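Dear colleague,

Please find the structure below, followed by an account of what was found in it.

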Amino acid sequence: MTVRTRFAPSPTGYLHVGGARTALFNWLFARKHGGSFILRVEDTDEARNTDEARQAIFDGMSWLGLDWDEGPGKGGNSGPYFQSRRRDIYDAWFQKLADAGRVYQDDGAWRFRFERRPVTMNDLVCGEVTIDYRDESNTPDMVVKRSDGSYVFHFVNVVDDLEMNITHVIRGEDHLMNTPKHLQLIGALGGKAPQYAHIPLILNPDGSKMSKRDAGAAVGDYPRQGFLPAAVVNFIALLGWSSKTDEEIFTMAELVERFALENVNRAPARFDFEKCKWVNQQHISKIGVEEFVTAAKPFVEAAGLPVPENFTAIMAAVKDKVRLIEEVPAAADFLLGDGFAYDPEAVAKARGNTAFAGALEALAESFEKTADWSADAAKTALAEVAQSAGAKPGQWMFPLRVALSGRAHGPDLGEILNLLGRERCVARLRRFGSVSMG
């Protein structure tokens, strides 16, 4: 059997992280088993569908790297891949129900006549689930065609899965109770049911349902905040799935290799945006400097900062200091330009070293006389001036860092000395002499 999975979003809003997780699990399962991943668009709600929402879904999936084998822009043998263009197909399948006597009119709408018996499904995640259809008061016959002639979700969803030969339906647990209805429809249509796997819901850290307004809900926000696609995919995969090891950081290829529906959790997943940022930091640490430079440059330029000749070296110095690419301008501004701000707390602490504060001009002059500039040469000059002032060189490392960068933390002091060069280090020491503690 050739595995065929699908993702069927409605273009009524942006790509939600829950939808992205559903798409990812279907994509991983198809790739793991050498099958096909189909994208189809459930766009029958004309009042709510928008071109912008449809494009946002396509863009979000493309950014995540979830390429589809069949669907919009790719074609395939099971099109059209927009429900709004499949009316003739639905009419033909509806006629099958009518010919079999399984539908009847009720106030202008058409209802599907359930078989009044228990229906059991064996879900690949949730296990065995049974719905008893013998009590019609609890399970009334289902509308499949509205009085205006349009078809309901349950009917078109089943028809599309049959037409597209979908073998596995991986979707949110909120659809679990729909599946017995779909199985009844499939049986009435004479089709072969796919296997179903209902994955857990995604909740906020406090256990509340994740809404569209919550941080991290919109996939389109991630690129603007400086997340790497591979990191977001990694994080989303961990929402309800576990590798059954202590490992949490995976490449896309590793996720494909390790993914299994057997390892999808039954309990709801908790969304932790701070964890997502941590995962992103781990992925940043693994990419090469050139890839980091490519990702960071647009953020630096958008912040109005210069891109000097030694930009690559500067990016290498701050690469392991950020969790998000959007943090790069703030982390590197003192290396990129000279108009950076000083952290008042760091300045106050540095000025508490009165010996260093009193020797700023002497240190500037010593730096100025250092012919062959390097971090080691600068540190030698620092040691000589410190000893002359009766201080230990190590005690001056922190205030020197603050004088050169305006902050208490950042790249290694040696990197700062090399990247700034002699003239800028001298200028900053003299500038620091006039910096206000406020």
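Asp221 and Arg224 form a salt bridge, their closest N and O atoms lying 2.5 Å apart; the term denotes a side-chain nitrogen of Lys or Arg within 4 Å of a carboxyl oxygen of Asp or Glu. The two residues are three apart in helix α6 (residues 221-225), and are therefore separated by about one helical turn. Helices are DSSP runs (H or I, at least four residues) and strands likewise (E, at least two), numbered from the N terminus. Asp221 is partly exposed, at 31% relative accessible area, whereas Arg224 is exposed, at 56% (buried is under 20%, exposed over 50%, partly exposed in between, with a 1.4 Å probe and protein chains only).

This is a predicted model, in which local features need pLDDT of at least 70 and side-chain atom pairs count only at pLDDT 80 or more, while totals for chains, interfaces and linings use all residues. Residues are numbered from 1 along each chain as its sequence is written, and side-chain values use heavy atoms, leaving out hydrogens and water.

By the rule above, the count comes to 27 salt bridges. One of them joins Arg428 and Asp338 (2.6 Å, N to O). This pair links distant parts of the chain, 90 residues apart: Arg428 lies in helix α18 (residues 413-432), and Asp338 in the loop between α12 and α13 (344-351). Arg428 is buried, with a relative accessible area of 3%, but Asp338 is partly exposed, at 43%. Elsewhere, salt bridges that share partners join Arg6, Arg40, Arg86, Asp160 and Asp161 into one network.

Yours sincerely
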